[in-house]
Amino acid sequence: MESRLIRFWLLAFGIWLLVVACEQPKEHTAPAIHERDSVSMMTTYGVNTLISDSGVIKYRIVTERWDVNTIKNPSRWTFERGVFLEQYDNQFHVEGYVFADTAWYYDQLKLWELRGRVRIRNLNGLVFRSEELFWDGMNHEYYSHKYSRLVTPERELEGTYFRSDEHMRHYVVTNSTGSFQSSDLEPEEEEPAKENDKNKNAADTAKQKPPVRQAAVKHKATTKPIQP
């Protein structure tokens, strides 16, 4: 009886050893990542390339890093290390330059979002500075909701809202201040007085105020007066 009991415990101990030996070790792994929108479809370094729209070359892109993500909604190109854009007209003539510290281009919306040190310069000597700028390719316009500074050879403007056409020829600045050349505020020359007006009372003519030429910049009713 005692020998049987010993054999039973030996058999049980052998089975336990076999189970322990066959047990697979557990791997401590992190759960799978299912958010595919965090991964770029393409990442390119040292980019200097031309971009076309409808078969027409529109601009040159120069950047240190270019990420393309088609999973995010909306899909976008990301330029986290800055971007330099050279803009062309339909005849492939340079129209201007755009620079930003960080930029996103939403390709389906044809919308650029520029952040950081945003700079625009065109061939007419216009320089634009801001910390934010949107470039709408569908409506062909720029706009910004942050403080912006616009400098041309003739004038300087500052304001908290900016909107302009894509060529920077017609623009609106609200809540603005600025300076103009004195010639912009000079009265227009009047025609020489006729012979029958020579006897007109000099005191009456002194009271008349000559017309003043309005500034070429369009301003809303909320625009502050511009100091010469």
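**Close-up 1. Glu132, a buried residue of strand 8 in the predicted model.** In this predicted model, E132 has a relative accessible area of 6% and is therefore classed as buried, the cut-off for that class being under 20%. The residue is placed in strand 8, which covers residues 127–136. Its side chain makes a polar contact with the side chain of R115, at 2.8 Å.

**Close-up 2. I61 and the largest nonpolar core.** The largest nonpolar core has 29 residues, and the members that touch the most other members are I61, F79, W112 and F162. For I61, the residues touched, leaving aside those up to four places away in sequence, include the aromatic residues W77, F79, F84 and W112, together with V47, N48, T49, I51, V83 and L85. Two residues on that list, F79 and W112, are also named with I61 among the core members that touch the most others. In soluble globular proteins, nonpolar side chains tend to be buried together.

**Close-up 3. A nonpolar surface patch with F99 as one of its members.** The residues V62, F84 and F99 form a nonpolar patch on the surface, and their accessible area together is about 200 Å². F84, one of these three, is also among the residues touched by I61. F99 is found in strand 5, which runs over residues 94–100, and its relative accessible area of 31% makes it partly exposed.

**Close-up 4. The cis peptide bond between N73 and P74.** The peptide bond that joins N73 and P74 is cis, with omega at about 0 degrees. P74 lies in the loop that connects strand 2 (56–69) with strand 3 (76–79).

**Close-up 5. Positive phi values at F92 and H140, neither of which is glycine.** F92 has a phi near 65 degrees and lies in the loop between strand 4 (83–88) and strand 5; with a relative accessibility of 41%, F92 counts as partly exposed. H140 has a phi near 55 degrees and is placed in the loop between strand 8 (127–136) and strand 9 (141–144).

Terms used. Residues are numbered from 1 along each chain as its sequence is written. This is a predicted model: local features need pLDDT of at least 70, side-chain atom pairs count only at pLDDT 80 or more; totals for chains, interfaces and linings use all residues. Side-chain values use heavy atoms; hydrogens and water are left out. A nonpolar core is a set of buried Ala, Val, Leu, Ile, Met, Phe, Trp, Tyr and Cys residues joined through side-chain atoms within 4.5 Å. Buried means under 20% relative accessible area, exposed over 50%, partly exposed in between (1.4 Å probe, protein chains only). Contact means heavy atoms within 4.5 Å. Patches are made of residues with over 30% relative accessible area and no salt bridge: like charges are joined within 9 Å, nonpolar side chains (Val, Leu, Ile, Met, Phe, Trp, Tyr) within 5 Å. Accessible areas come from the Shrake-Rupley method with a 1.4 Å probe; for residues, only the protein chains shown count as cover. A salt bridge is a side-chain nitrogen of Lys or Arg within 4 Å of a carboxyl oxygen of Asp or Glu. Helices (H or I, at least four residues) and strands (E, at least two) are DSSP runs, numbered from the N terminus. A polar contact is a pair of N or O atoms within 3.5 Å; within protein, one must be able to donate a hydrogen and the other to accept it, and residues adjacent in sequence count only if both atoms are side-chain atoms.
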